Amino acid sequence: AFTVAMNNPYTKACLAEVNSYLVAKNYELKSFEGQEALNNLIQVQHDVAGKDDDMAYLASLSVGADAYITCDGDAFAPNQSLTVRLSAYETTTARLLSEVTLSKEVSPMNQGVLAAGFKELSKRLMPDLEHKMISHWYEDIKSGVRYRIIFSIVGEFTEDELEDLHDDLKE
């Protein structure tokens, strides 16, 4: 399951393309766009934390997504270009899985041209982003799971009982 987050008002145009791509590939999409209750929850988490947490990360945790994608876009008037960057993160670890960027020249710099440009660049970037994410996860599978569990065992046990418990847990 994926969530898609926007970090910049320019990126609203790319959101539709990212969503369309994920749906067409039969991914379970969990979008928190427009969910007032979730926005309130994120705001409360932000207020409690008292710092600038990654709101896309917090929202992804809230909706139970496996990964989240952020879209950033910029338009540069002097050289009449726009840039889109898509970044994919693993939700449980906030680990960057992939990041792809693409730019193009546009003329004229009006809302319609910008929206079409952001959509086009997002559409072109998604296959590469997906491929890199999947490759990353396959490498994780090859190298094995890298998680550790720490137990706190309370009670009175003999040395033999503790050894037996240790052996059982290792298996």
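Me: Buried means under 20% relative accessible area, and exposed means over 50%. Does Tyr89 count as buried or exposed?

Reply: In this predicted model, Tyr89 counts as buried because its relative accessibility is 19%, which is under the 20% cut-off.

Me: And which residue does Tyr89 form an aromatic pair with?

Reply: Tyr89 pairs with Tyr68, and the two rings are stacked, with 5.0 Å from centre to centre and 20° between the planes. The count of aromatic pairs comes to one.

Me: Is Tyr68 buried or exposed?

Reply: Tyr68 counts as buried, because its relative accessibility is 1%.

Me: Changing topic, which residues have the most contacts inside the largest nonpolar core?

Reply: They are Val18, Ile69, Leu86, Met126 and Leu129, in a core that has 22 residues. The elements giving two or more residues to this core are helix H1 (12–24), S2, S3, S4 and helix H4 (111–143), and H4 gives the most, with seven residues.

Me: What does Ser98 touch?

Reply: Leaving aside residues up to four places away in sequence, Ser98 touches Leu86, Ser87, Ala88, Leu129, Lys132 and Met133. Ser98 itself lies in strand S4 (residues 96–105), and it counts as buried because its relative accessibility is 4%.

Me: What about the surface, which residues form a nonpolar patch there?

Reply: Ile153, Phe157, Leu162 and Leu169 form such a patch, and together they have about 340 Å² of accessible area. Leu162, one of these residues, is in helix H5 (residues 159–170), and it counts as partly exposed because its relative accessibility is 36%, which falls between the 20% and 50% cut-offs.

Me: How many helices and strands does the chain have?

Reply: There are five helices and four strands, and from the N terminus on, they run β-α-α-α-β-β-β-α-α.

Me: And what share of the chain counts as buried?

Reply: Of its 171 residues, 32% count as buried, while the accessible surface of the chain comes to about 10900 Å², of which 52% belongs to carbon and sulfur atoms.

Key: Residues numbered from 1 in each chain as written. Predicted model: local features only at pLDDT ≥ 70, side-chain atom pairs only at ≥ 80, totals over all residues. Heavy atoms only, no water. Phe/Tyr/Trp six-rings, centres within 6.5 Å; stacked < 30°, edge-to-face > 60°. Buried < 20%, exposed > 50% of the residue type's maximum accessible area, 1.4 Å probe, protein only. Patch = residues over 30% accessible without salt bridge, like charges linked within 9 Å, V, L, I, M, F, W, Y side chains within 5 Å. Areas by Shrake-Rupley, 256 points an atom, 1.4 Å probe, with all protein chains shown as cover. Salt bridge = Lys/Arg side-chain N within 4 Å of Asp/Glu carboxyl O. Contact = heavy atoms within 4.5 Å. Core = buried A, V, L, I, M, F, W, Y, C linked by side-chain atoms within 4.5 Å.
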